[in-house]
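Subject: The structure for you to look at

Hi,

Here is the structure I promised to pass on. Have a look around it first, and then read my notes below.

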Amino acid sequence: MLGDLDVTQPLHNIDFEVLKRAVEASRSPLIITDNSLPDNQIIYSNQAFLDLTGYGLTEVIGKNCRFLQGVETDKSTVKQLRDAVKNGTYVRVTLKNYRKNGEAFWNDLVMSPVTNAKGKTTHFLGMQLDITERITANEQLQAKSEELERSNHELEQFTYATSHDLQEPLRMINSYIQLLNKRYGDKLDEDALTFLGFATEGAERMQELINDLLSLSKVSSSENRFTQVDISKTVDRALQNLRMSIEESNAQIIVEDLPELSVDASQIAQLFQNLIGNAIKYRRKDATPKIAISAKKRENSYIFSVSDNGIGIPKEHFERVFTIFQRLHTRTEYAGNGIGLSICSKIIDKHDGKIWVESISGKGSTFYFSLPIKREAAQNG
Ligand code: ADP
């Protein structure tokens, strides 16, 4: 029973010589400091500590641990260490130390108080671990991810600027084609009129492409405006914008009960518009389009689904369809630029969710996306 245990007696009956040799042989750099000596001097160091620091035994004994510190050692961490030693408490810190040759290393240092039979701290056992590699790898990873973020941001700005600036010359091309048609239409032969027709089509396609690129970069660069929204309202907005194609295709759309969540309402409406628009566009010729929209609650999120009975997507393309400009069909089969789903993906990214598709080729597809139930206040704006 613990109550009967005499804590002043060692728990393990281990030979002192074995204990000494174990500490000596340990690959973990170990030192022992003595609290009764001025400046809490080091009275013991094992070989691993000497190997780590590059100092000889006589250079270590009698010193205070601070002899490993240097210009770049963090002052507040040192204070934390000093306070723990003064109060006789356990402490674990990561600090920059220096070897004898001046080389810096990151030290994961654990200082454990050693108490006597009366419970008084008499010594400290200091265990070091050289974690330089890990810290350097982390720093490199951090630098790489910052660089990536910067270059992504530049790319987004570039996309926005180019698509925005392309609009003006395109407007000019369009208006001169119209002028040509109006003034010289009756003087042109059939071939010339056909060519003008192609030029008009090209300009229209370019306008659509620019509009899609602008929507994509708007999602990327806009500030998030999260508010508590009834998601079915965003679906209504999407359906309203799709009214023409719903009527033309006779699509039957079932919207189940949807929750209220903190989202950017216009982005989520755009997401539904793209998904429902696709469900109508990629319908089967032999079946009336049937589209169902629903949501299921999970522990921390809702999983939404937009399912259709359309042409479906082969399994090997499940990921590809979310990449910009990736299409599975030619423009003559189905109109489009291959940007819609990358906009969806970006919107869901901004909402800290995930988006994916499941489908059976020839039977239909279901697009799923998740939205978190709780949003951190800091994420707003
Ligand atoms: P777009 O429709 O302009 O081509 P998207 O990015 O919206 O661009 O879609 C990418 C591709 O994914 C489409 O070209 C199509 O092949 C496929 N796809 C998207 N939605 C569906 C769907 N509901 N059913 C079948 N295929 C789809």
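Glycine 277 and leucine 242 are 35 residues apart in sequence, yet their C-alpha atoms are 6.9 Å apart in space. You will find glycine 277 in helix H9. Is glycine 277 buried or exposed? Its relative accessibility is 18%, and buried means under 20%, so glycine 277 counts as buried.

Before you go further, keep in mind that this is a predicted model.

Glutamine 267 also has its place in helix H9. This residue is buried too, because its relative accessible area is 4%, and the cut-off for buried is under 20%. Which residues does glutamine 267 touch, leaving aside its neighbours within four places in sequence? The contacts are Val219, Ser222, Asn224, Ile347, Lys350 and His351.

Now for the nonpolar parts. In soluble globular proteins, nonpolar side chains tend to be buried together. In this model, the largest nonpolar core has 43 residues. Those with the most contacts inside it are Leu271, Phe272, Leu275, Ile276, Phe304, Phe369 and Leu371. Helix H9, which covers residues 265-281, gives the most to this core, with eight residues.

Then zoom out to the whole chain. How many helices and strands does the chain have? There are ten helices and twelve strands. The C-alpha trace spans about 105 × 55 × 35 Å along its principal axes. A compact globule of 381 residues would have a radius of gyration near 21 Å, but this chain has 35 Å. Buried residues make up 37% of the 381 residues. If you look at contacts with a separation of 6 or more, residues 24 or more positions apart account for 58% of them.

Last, the surface and the charges. The accessible surface of the chain is about 24100 Å², and 53% of that belongs to carbon and sulfur atoms. The chain has 46 positive and 51 negative charges, and their mean positions are 2 Å apart.

Definitions and conventions
Residues are numbered from 1 along each chain as its sequence is written. This is a predicted model: local features need pLDDT of at least 70, side-chain atom pairs count only at pLDDT 80 or more; totals for chains, interfaces and linings use all residues. Side-chain values use heavy atoms; hydrogens and water are left out. Helices (H or I, at least four residues) and strands (E, at least two) are DSSP runs, numbered from the N terminus. The radius of gyration is taken over C-alpha atoms; the globule rule is 2.2 Å times the number of residues to the power 0.38. Buried means under 20% relative accessible area, exposed over 50%, partly exposed in between (1.4 Å probe, protein chains only). Contact means heavy atoms within 4.5 Å. Accessible areas come from the Shrake-Rupley method with a 1.4 Å probe; for residues, only the protein chains shown count as cover. Lys and Arg count as positive and Asp and Glu as negative; His and the chain ends are not counted. The place of a charge is taken as NZ of Lys, CZ of Arg, CG of Asp or CD of Glu. A nonpolar core is a set of buried Ala, Val, Leu, Ile, Met, Phe, Trp, Tyr and Cys residues joined through side-chain atoms within 4.5 Å.
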